[in-house]
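Please keep the sequence and the model at hand while reading.

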Amino acid sequence: MHGRATRSAIAASSAVLVVLGIAGCSQQSAPGENSAQSDLKIVEQVQIDQNGEPVKAEGGLTPADPAGDGKANCPPLSIAMAGALTGPDAALGINIKNGVQLAVDKHNAANPGCQVQLKTFDTEGDPQKATQIAPQIVDDAFTIGLVGPAFSGETKATGGVFDQAGLVAATASATNVTLSEQGWKTFFRGLANDGVQGPSVANYMKNSLDAKKVCVVDDSTDYGLGLAQAVRETLGPIADPACNISVKKGDKDFSAAVTQVKGHSPDAVFYSGYYAEAAPFVQQLRDGGVTATFVTGDGVKDPEFVKQAGASSKDALLSCPCGPATKEFADEYTQKFGEEPGTYSTEGYDLGTIMMKGIDSGAITRPALLDFFRNYQGQGVARKYQWTDTGELTTTLIWMYKVQ
Amino acid sequence: MVHDCLGSTACLAANIGFDLDGFRNGFWQLTIDGLAWGSIYALVAVGYTLVFGVLRLINFAHSEIFMLGMFGAYFCLDMILGFVPSGNAYDKGVLLTVFYLGIAMVFAMLVSGSAAVGLEAVAYRPLRKRGAKPLTFLITAIGVSFVLQEFVHFILPQIIKGYGGSNAQQPIMLVRPKTQFHVFDATVSNITLVIVAAALLLAVLTDVAINRTKFGRGIRAVAQDPITATLMGVSRERIIMVTFLIGGMLAGAAALLYTLRVPQGIIYSGGFLLGIKAFTAAVLGGIGNLRGALLGGLLLGIMENYGQVVFGTQWRDVVAFVLLVLVLLIRPTGILGESLGKARV
């Protein structure tokens, strides 16, 4: 009986080979298709304002240095970082964590009298998990500041807890508009929100890309819906209501959406979601023969997007409130972590740096650090930081990137 | 506006559409794409249904056997055949491509098959020896499923560099989707063709193996009455092993076909939803019934594809499970009923 099973298995496998052979025979080979490792990269293009108009970056300003003057003294303290460190969106969380880590390590190396510990908390980007973790952060008396949570959903779920504890919660990446409308006094956003990103990128598509018809596709998450809504409102009639498509985070097959997009032949497709879905989506669009410009938001701006989508990601445009790294920062980061800084690494670093500067200036309690943040004004690696009463930045610009 | 109802169900419900025109216009395309998905569901569903027939156990770890098959296929292409992952499609010509795919499929079947047999030996056999209750098996199955997922998530990256971890594997694409011919103005791509043909062949082979061969008769005998079957000289342990082997191998084959369709899907959590869908397909057709699993898989794939156009893409999973509930309301044992154990020579 045993031998028979093996024989059947062999027979089955060889039969499969034959069928694959027959099926494959009708396939024509495409000449000139290259199989070499692509060297596509996400490269910054231009900084734009809410009207989609290019803005020149201010030059010649030195970013704040977490090392300070090296003479700081402080009791044992810690700052926390919360975000997805494992799970499908871990890359973004790890980028932030590494940015903060770099700032803290530079500070500690330069200031023997003031050693700050960085405590990291993994929320997996999940609001439910973040709700369980938030009390742990708040209950730790040594922790006086938090960089995070990373995503909008989890920030929304936990913001009240941090507000009650008076703990600065400076997010390096949560861009949902409503977060600053909750009345939290401890919320600070280290970058522009979706309310800025949406209109900026929409106007950019309208004016600079000269798009006459755009399909807006969202991934049904808090982030994806919010950004897509802002884009649709600004685009107005250009965003064809007949091809407003909602997909689901976690989906990998977009054949129905591709068929729908194809039927409307738009000039551009805007995808509002994260890279794990954007990569297969753009690949299936291209395979399906859709040549419209692929435009997307900050959730997709990650090297993984290019790695997963390959040649299909070529010429995709990505908007991001996140700033590109300076060469000096990129070198330090690469030396320490063995990889180039990713999306939000600069924001993580800048927010970490501001906390270090606060601690060095004597703000060693939660209320003092909160006060320091409120009145802070200074240049960082990514941009100038100064906050309004609700925790939004006073100047908010968006970067456009391109895969090339 | 949308901010008021972010995340609330009322807001999502507003997004249900009834795009009957889209359904009518895309009918054939949807049917063909759904057939390809259904074939993959069907192959995985066989694993659930055979094990249930023989052991009365829902092997929830089967989705992870499928996931290991994807990694197996990837490993074969990457390490053994030397393809460099790049996200771009290779072009090796038809025959070579088919040859490589065949090797990768056999390898994936071996990986999944041995994983399934290993799983049975490590997790279920000791329980059986101790006469554990059915509930214990079920909990064990769920536990093993987590163990395998987290193994690929956290431990595999330590063993083989660049494998597993939080991100999907960088795709190795051997086949670029290309339209082969048209059926009622629907395009049939080479990938769809390969998936459906390979799945059909494997399904027929499995059906023949179960219904026409000696060990197939053994499987049916054990399913029908384990004690009598043992008295008649059938080795129950061996039958169980072969059952897991067949289920695992089909899952491995399905895994390769799935990665043709979704090259970016090779990730530790990639088997979970597909496994649930395949299980749904098995229940839909009548769990324990081989042909039921095949029929259930195809039906689920097609209906789901229709549903996502009519109601909106984000409702795809809802459509699948509502369909299951409706069918079970009318036919509690599934469309074809539980018949693996029924006497049929």
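Leu235(A) counts as buried because 23 C-beta neighbours lie inside 10 Å of it; a residue is buried if 20 or more other C-beta atoms, placed from the backbone, lie within 10 Å of its own, exposed if 12 or fewer, and partly exposed in between. The model is predicted, and local features need pLDDT of at least 70, side-chain atom pairs count only at pLDDT 80 or more, and totals for chains, interfaces and linings use all residues. Residues are numbered from 1 along each chain as its sequence is written, while chains are lettered from A and ligands numbered from 1 in the order in which they are written.

**The surroundings of Leu235(A)**

- Leu235(A) belongs to helix H6 (residues 222-235) of chain A; helices (H or I, at least four residues) and strands (E, at least two) are DSSP runs, numbered from the N terminus.
- Leaving aside residues up to four places away in sequence, Leu235(A) touches Ala202(A), Lys206(A) and Val214(A); two residues are in contact if their C-beta atoms, placed from the backbone, lie within 7 Å.
- Between Leu235(A) and Val306(A) there are 71 residues in sequence and 27 Å in space, C-alpha to C-alpha.
- Helix H6(A) lies across S8 and S10 of chain A and runs at about 160° to S8(A); axes are lines fitted to C-alpha atoms, for helices over the stretch in contact, and angles run from 0 to 180 degrees between N-to-C directions.

**The mixed sheet of chain A**

- Eight strands make an open sheet with mixed pairing, in the order S2-S1-S15-S12-S11-S10-S8-S9 (chain A); two strands pair if DSSP finds at least two bridges between them.
- Strands of a sheet pair through backbone hydrogen bonds, in either a parallel or an antiparallel sense.
- At the edges of this sheet are strand S2 (54-55) and strand S9 (245-246) of chain A, each of which pairs on one side only.
- Strand S8 (residues 214-218) and strand S10 (residues 268-272) of chain A run parallel and are joined by 5 bridges.
- Within that pairing, Val216(A) has Phe270(A) in S10(A) as its bridge partner.

**The parallel sheet of chain A**

- Another open sheet consists of 5 strands in the order S4-S3-S5-S6-S7 (chain A), with parallel pairing.
- Strand S4 (116-122) and strand S7 (187-189) of chain A are the edge strands, each with a single partner strand, so one side of each has no neighbour in the sheet.
- From one strand to the next, the twist averages 25°.
- Strand S3 (residues 77-83) of chain A pairs with S4(A) in the parallel sense over 7 bridges, and Ser78(A) stands opposite Gln117(A) in S4(A).
- Helix H3 (residues 127-139) of chain A packs on the sheet and touches S3, S4 and strand S5 (143-147) of chain A, its direction making about 175° with that of S3(A).
- Helix H11 (residues 345-360) of chain A lies across S3, S4, S5 and strand S6 (168-171) of chain A, at about 160° to S5(A).

**Chain A as a whole and its domains**

- Chain A contains 12 helices and 15 strands, and 57% of its 404 residues count as buried.
- Chain A is divided into domain 1 (77-193 + 323-395) and domain 2 (195-320), with bounds that come from an automatic or database domain assignment.
- The C-alpha centres of domain 1 and domain 2 of chain A are 29 Å apart, and each of these domains gives 15 residues to the contact.
- On the side of domain 1 of chain A that touches domain 2 of chain A, helix H2 (90-110) and helix H4 (152-165) of chain A are the elements that give two or more residues; H4(A) gives the most, with 3 residues.

**Chain B**

- The secondary structure of chain B comprises 13 helices and 2 strands.
- Chain B has a radius of gyration of 21 Å, close to the 20 Å that the globule rule gives for 345 residues, so it is as compact as a globular protein of that length; the radius is taken over C-alpha atoms, and the rule is 2.2 Å times the number of residues to the power 0.38.
- Of the 345 residues of chain B, 56% count as buried.
- Strand S1 (residues 179-183) of chain B has 5 residues, of which the number buried is 0, so the strand lies largely in the open.
- S1(B) and strand S2 (residues 186-189) of chain B pair in the antiparallel sense over 4 bridges, with Thr179(B) opposite Ser189(B) in S2(B).
- S1(B) and S2(B) form a hairpin with 2 residues between them, and Phe184(B) in the turn has a positive phi of about 50°.
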